[in-house]
Structure formats: structure tokens, C-alpha cells
Amino acid sequence: MLNFNGEIIIMAAYGAYTDQELTVLLKEGDRLAYTEIYDRYWPIMFRHSRKMLRDDEEATDVVQDIFTLLWAKASEMVFTTSIRSFLYAATRNKVIDLINRNKVKVNYLANLQEFYDKGEFVTENSVRERELINRIELEVAKLPKKMRKVFELSRKHHLSYKEISDVTSISEGTVKKQVHNAIKILRLKLHLTVLLGITQMLMLINRIFS
């Protein structure tokens, strides 16, 4: 059995491992690798969850559930991103699940929107935004052909409804309706109305097609 000093030396060695090395050991059932990941990221994930939920108890439950699942299912998990990105995504998704199941007060939605508007998603924002952009691109490609053409003329080429009408020989009213319906479909498919307002979603869409 290792003495106290021996345990400290071993844990210090694990502290020098990279996230990637720890992830490999975690999938092999290495308890010390899990402990190092836990110690390294629990406080970070708690602060991240706490900023969104504004509630210490809820934030603690969210992060604890994630780490419990991480240990229980580590051998079965396929980590396509870094363990850091995985934990950020898992935390975000757990918070969204709480909101959707009405386990968080309604005014927390306003706090979450404020949190986003202030740019406090700094650490994981680029990962999240890339995911959203990919999803938007996929969903736009699935739109009916005529609707997609009208939508792209509006968002990619920035044509007015009148200009699109002239180009496509479709009435201006129909053009407007097609763009409106496309946005409605995207909002429904992407489920962005909780975290992102329509303005933010359109900004992302404009970035994709500009």
C-alpha cells in the first residue's frame, strides 16, 4: 500500500498529464485519471454552470451529474473533441434541459440571454458557434428548392424582396412569405429560441452566406 507521500507523488505525476493522455487512461478505467480530470475541471464547470443558472445548488447538481456520468460511462464514450470541450458541451446541454423542463425559474432565461449578450461564453463560444453554423448550413440545404433559392438571395446576396421578385418572377408577397417561412422552419429545427433570439440567429446566417 502506498503511504501518504507516495500518493502525493503519484497524483503530482497525473497532474503533469495532458488532457488527451488523461482521457485515454479514463477510458481504461483509471480512477486516478478521473480524479485528476475532476479536480482540474469541476471548479471551472461549476463557475460556468453557476453563471448561467444563478443558483449554487442547481449548478452543483448539474456538474456533479455530469462527472458521475463521465465515470460510469467513460469506457463506452467516444470523445470526438477534447475532454474540455466535452465537459463544456455537457454542462450547456444539461442547463438547457433544466430550462426546457421548467426546473429553473422563468427569469433565469433573461439572465441566460444577458449572459450570452455580454459575451461570457468566451471559453466555449467558438466551439458552440461552429456547431450552430454547421447545423444551420445543413438545415438550409434541406429547405424546399424554391424557398432555399429565395432565402439565399435574401441572405447571401442581400437583395430586397422587390429585387428578388424581379429576378425570380415570383410576386413580392410570395418572396416575403418564403423568407419568413424559411426562418420559421430554421428556428423550429434548430431550437434556438431559448438561448438565441432571432436577431442572433440571423446574424449567424448572414455570416454563413456573406
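This is a predicted model: local features need pLDDT of at least 70, side-chain atom pairs count only at pLDDT 80 or more; totals for chains, interfaces and linings use all residues.

Modeller: Residues are numbered from 1 along each chain as its sequence is written, and side-chain values use heavy atoms, with hydrogens and water left out.

Biologist: Why is the contact between Asp-19 and Arg-40 called a salt bridge?

Modeller: A salt bridge requires a side-chain nitrogen of Lys or Arg within 4 Å of a carboxyl oxygen of Asp or Glu; the N to O distance for Asp-19 and Arg-40 is 2.6 Å, so the pair qualifies.

Biologist: What makes Lys-142 exposed, and how is Glu-139 classed, buried or exposed?

Modeller: Buried means under 20% relative accessible area, exposed over 50% and partly exposed in between, using a 1.4 Å probe and protein chains only. Lys-142 has a relative accessible area of 59% and is therefore exposed, whereas Glu-139, at 14%, counts as buried. These two residues form a salt bridge, their closest N and O atoms being 3.6 Å apart.

Biologist: Why is the ring pair of Tyr-38 and Trp-42 called tilted?

Modeller: Rings of Phe, Tyr and Trp (its six-membered ring) pair if their centres lie within 6.5 Å, and planes under 30 degrees apart count as stacked, over 60 as edge-to-face and the rest as tilted. The centres of Tyr-38 and Trp-42 are 6.3 Å apart and their planes stand at 35 degrees, so this pair is tilted. Both residues lie in helix α3, 4 residues apart, about one turn of the helix.

Biologist: What makes the pair of Phe-79 and Phe-86 edge-to-face?

Modeller: The planes of Phe-79 and Phe-86 are 80 degrees apart and the rings lie 5.1 Å centre to centre, so the pair is edge-to-face.

Biologist: How do you know that Arg-31 lies over the face of Trp-71?

Modeller: A charge sits over a ring if NZ of Lys or CZ of Arg is within 6 Å of the ring centre and within 35 degrees of the ring normal; Arg-31 is at 4.7 Å from the ring centre of Trp-71 and lies over its face.

Conventions:
Helices (H or I, at least four residues) and strands (E, at least two) are DSSP runs, numbered from the N terminus.
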